[in-house]
Amino acid sequence: MGYPRDNLAPGEQVVIHRHPHWKSLVAPVLLFWAVTAIAGVALGYIRTSDSLSSGTSMWLTIVVIVVWLAASTYWLVRPLLSWRTTHFVVTDRRVMYRNGIVTRSGIDIPMRRITSVEFRHGLVDRMLRTGTLVIESASDEPLSFHDIPDVEAVHAQLYQEILDEEDDDYGRVDYGRGRRR
């Protein structure tokens with residue numbers, strides 16, 4: 001599912017569009033592999049066991065497959081859909097965050113209300129080039145956006161957009177576009 005561009009105001013331009021970093025999918029994939037391995041061992045035992053009747057063997061096979069499907073849906077498909085439907089978007093006018101599969105939620109922060117932008121990342125996050133972006137607005141508590149890919153570049157670009165917005169407020173010339181804003 002792509003970002004719904006109909007949420008943009010006329011003339012608004014997307015500067016950054018990110019999904020959460022792929023590291024948020026590592027645990028679900030590992031759980032899927034573990035559940036699949038356990039299901040495979042269980043099916044192998046059921047198929048090779050001489051002590052089970054053919055009817056019991058069939059029902060146990062069905063139970064293992066149903067449990068595997070349910071676990072795979074919960075621990076792999078749901079996180080994949082959640083990852084795909086989570087959007088962190090910076091436009092030339094605001095920061096937008098949307099998430100949710102069935103029930104959607106979101107927040108918009110106008111550029112002119114942002115008072116500070118900060119990022120955090122530990123050693124592993126630095127190696128994976130991801131981190132947490134913290135945005136503080138004029139009247140709200142700071143908002144933390146976790147697992148933002150290339151968080152330092154996003155931080156720098158967002159800060160530049162804030163400076164551009166301040167320049168617009170003072171009526172300065174935007175030399176990149178060759179016109180007065």
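Beyond its neighbours within four places in sequence, Leu 133 is in contact (heavy atoms within 4.5 Å) with Phe 88, Val 117, Glu 118, Phe 119, Leu 143, Ser 144, Phe 145, Ile 148, Val 151, Val 154, His 155 and Leu 158. This is a predicted model, in which local features need pLDDT of at least 70, side-chain atom pairs count only at pLDDT 80 or more, and totals for chains, interfaces and linings use all residues. Residues are numbered from 1 along each chain as its sequence is written, and side-chain values use heavy atoms, with hydrogens and water left out.

Leu 133 is one of the residues that touch the most other members of the largest nonpolar core, together with Phe 88, Val 95, Ile 114, Ile 135 and Leu 158; this core has 16 residues. A nonpolar core here is a set of buried Ala, Val, Leu, Ile, Met, Phe, Trp, Tyr and Cys residues joined through side-chain atoms within 4.5 Å, and buried means under 20% relative accessible area, with a 1.4 Å probe and protein chains only. Two or more residues come from each of β2 (87–91), β5 (114–120), β6 (130–137), β7 (143–149) and α4 (151–169). The largest contribution, four residues, is that of α4. Helices (H or I, at least four residues) and strands (E, at least two) are DSSP runs, numbered from the N terminus.

Three of these strands form an open antiparallel sheet in the order β5-β6-β7. Because β5 and β7 stand at the edges with a single partner strand each, one side of each is left without a neighbour in the sheet. Strands count as paired if DSSP finds at least two bridges between them; β5 and β6 have six, in the antiparallel sense. Within that pair, Ile 114 stands opposite Ser 137 in β6.

The strand β2 pairs antiparallel with β3 (residues 94–99) over four bridges, and the two form a hairpin with two residues between them. Here His 87 stands opposite Arg 98 in β3. Six bridges then join β3 to β4 (residues 105–110), again antiparallel, with Asn 99 opposite Ser 105 in β4. The hairpin of β3 and β4 has five residues between the strands, and Gly 100 takes a positive phi near 120° in it.

The chain has four helices and nine strands in total. Along its principal axes the C-alpha trace spans about 85 × 35 × 30 Å. Of the 181 residues, 32% count as buried.

Notes: Buried < 20%, exposed > 50% of the residue type's maximum accessible area, 1.4 Å probe, protein only.
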